[in-house]
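Me: I would like to go through the side-chain interactions in this model. Could we begin with the terms and then turn to the residues?

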Amino acid sequence: MTELRIWHAARDPYHCAFRMIRLLTWKGDALPLDQLRVVDMLLMYPSLAWRMRLPSAVRDRLRALRLPAAKDLFVSLPGTASIWQDLHLYQSAALKQLAGRSLLKRDALRDRYAALDPRHMPLSLSERVRIENDAQAALMTFLIDDIAPLPATGPDNIFKRAGVPARGPVA
C-alpha cells in the first residue's frame, strides 16, 4: 500500500518563516517574539480571531474583515491551544532559519524581539512579500494594528484573550 502524504502550510517551517517576514515587514519595526507567534498563528488561521476575547472596537474591526467563523470552515480546526502547541516547533525552526540567514537582527533576538535586517533580504523575497501583503492588506493591518499591540502581561493579556497556554521557550 502506498503512503499518502499531504502538505500543509502550518507544518512547513519555510512557510512559517515567510509569514513571519510578512508580518515584520508590515509592522516595519520589531515585535516581541511571543506576540509574533500569536499573530503568526492568526495569519495562518485567521478564523481563530473569532475565538478571541477582544475589546469591542477591535471586535468591530474583525467583523469588517468578514472572515468566516472557524465553525463554518470546510476543515474543522482543533482547539486554539492545540494549534498553538503544534505551531511552536515550526515557529522555532523558522526563527532559527531566519536568524541563521541573518534576516533577523541578533541583538533584538537576545532581547526576545524579532526585527528584520533588510540588508540581507533578497529582492525576489521582498517582492513576493509585497504582493502577498497587498493581497491581504486588511488582514495584515488588523493583525499588526489591533492584535499585536495587546499587552503581554496583566489579566487581559494577548495570550489569555487568544486562549493559548502560558508562554514557553520560543527559540
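Reply: A polar contact is a pair of N or O atoms within 3.5 Å; within protein, one must be able to donate a hydrogen and the other to accept it, and residues adjacent in sequence count only if both atoms are side-chain atoms. The model is predicted, so local features need pLDDT of at least 70 and side-chain atom pairs count only at pLDDT 80 or more, while totals for chains, interfaces and linings use all residues. Residues are numbered from 1 along each chain as its sequence is written, and side-chain values use heavy atoms, with hydrogens and water left out.

Me: Which side chain has a polar contact with arginine 37?
Reply: The side chain of glutamine 91 does, at 2.7 Å. Arginine 37 itself is found in helix α2; helices (H or I, at least four residues) and strands (E, at least two) are DSSP runs, numbered from the N terminus.

Me: Is arginine 37 buried or exposed, and what is the nearest side chain of opposite charge?
Reply: Arginine 37 is buried, where buried means under 20% relative accessible area, exposed over 50% and partly exposed in between (1.4 Å probe, protein chains only). Lys and Arg count as positive and Asp and Glu as negative, with His and the chain ends not counted. A salt bridge is a side-chain nitrogen of Lys or Arg within 4 Å of a carboxyl oxygen of Asp or Glu.

Me: Over which ring does the charged end of arginine 37 sit?
Reply: The ring is that of tryptophan 84, with the charged end 4.0 Å from its centre. The criterion is NZ of Lys or CZ of Arg within 6 Å of the ring centre and within 35 degrees of the ring normal.

Me: How many aromatic pairs does a search of the whole structure find?
Reply: The search finds 1 aromatic pair. Tryptophan 84 and phenylalanine 159 form this edge-to-face pair, at 6.3 Å centre to centre with 65° between the planes. Tryptophan 84 lies in helix α4 and phenylalanine 159 in helix α8, so the pair ties together parts that are 75 residues apart in sequence. Both residues are buried. Rings of Phe, Tyr and Trp (its six-membered ring) pair if their centres lie within 6.5 Å; planes under 30 degrees apart count as stacked, over 60 as edge-to-face and the rest as tilted.

Me: Changing topic, what is the count of salt bridges?
Reply: The count comes to 10 salt bridges. One of them joins arginine 19 and aspartate 40, with the closest N and O atoms 2.6 Å apart. Because arginine 19 lies in helix α1 and aspartate 40 in helix α2, this pair ties together parts that are 21 residues apart in sequence. Arginine 19 is buried at 2% relative accessibility, and aspartate 40 is buried at 0%.

Me: Which residues are linked with Asp156 in a network of salt bridges?
Reply: Arg53 and Arg161 are linked with Asp156 in that network. The arginine 161 to aspartate 156 bridge has an N to O distance of 3.8 Å. Aspartate 156 is in the loop between α7 and α8 and is partly exposed at 38%, whereas arginine 161 is buried at 13%.

Me: Where does arginine 66 lie, and what is its phi?
Reply: Arginine 66 lies in the loop between α3 and α4. Its phi is positive, about 60°, although the residue is not a glycine. Arginine 66 is exposed, with a relative accessible area of 73%.
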